[in-house]
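This report describes selected local features of one protein model. The sequence and structure are shown first, and the description follows.

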Amino acid sequence: MAEDHADFIVLGAGPGGYASAFRAADLGRKVVLVDPRATLGGVCLNEGCVLSKALLHAAEILRETRHGSVWGISTGKVAVDLDMLRARKDAIVGQLIGGPVGLPSVARCRWCGAPQSSPGRRALK
């Protein structure tokens, strides 16, 4: 049963959750980080804010390019390559997820709740 003991249980692996868990682990506490996802970042990084902001930024570039003529800038016809846009968005998310995962604090935290296929994670009972 000692394996199931934790000084801290942090619910949610979003930016606030993983930062709190890593800090407690850095201070020598036994930490369990609980999140249903297999990656850090919570809704903001994996499903919401960051993805939306990346796509909004692309839309702003498109708008600026199409309306550059009021500034005397002509570009001709502007098109969107959706596959390239998705790949860029995925690369941004991958880079942001990879940052916290590379920190030494990650190894000192136990994860629970992510899918069983994720190595090192246990399902909640």
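Here a residue is called buried under 20% relative accessible area, exposed over 50% and partly exposed in between, with a 1.4 Å probe and protein chains only. The model is predicted, so local features need pLDDT of at least 70 and side-chain atom pairs pLDDT 80 or more, while totals for chains, interfaces and linings use all residues. Residues are numbered from 1 along each chain as its sequence is written, and side-chain values use heavy atoms, without hydrogens and water.

| Residue | Relative accessibility |
|---|---|
| F22 | 5% |

Helix α1 (residues 15-26) has 12 residues and reaches 16 Å from its first C-alpha to its last, close to the 16 Å expected at 1.5 Å a residue. Helices are DSSP runs of H or I with at least four residues, numbered from the N terminus, and the expected span is 1.5 Å times one less than the number of residues. In α1 the buried residues are G17, Y18, A21, F22, A24 and A25. They lie on the same side of α1, because their arc around the axis is only 165°, taken from the directions from the helix axis to the C-beta atoms.

Y18 and F22 are 4 residues apart in α1, about one turn of the helix. Rings of Phe, Tyr and Trp (its six-membered ring) pair if their centres lie within 6.5 Å; planes under 30 degrees apart count as stacked, over 60 as edge-to-face and the rest as tilted. This rule gives 1 aromatic pair. The ring centres of Y18 and F22 are 5.5 Å apart with planes at 45°, so the pair is tilted.

K89 belongs to helix α4 (residues 82-101). Beyond its neighbours within four places in sequence, K89 is in contact (heavy atoms within 4.5 Å) with L51 and A54.

Technical notes
Helices (H or I, at least four residues) and strands (E, at least two) are DSSP runs, numbered from the N terminus.
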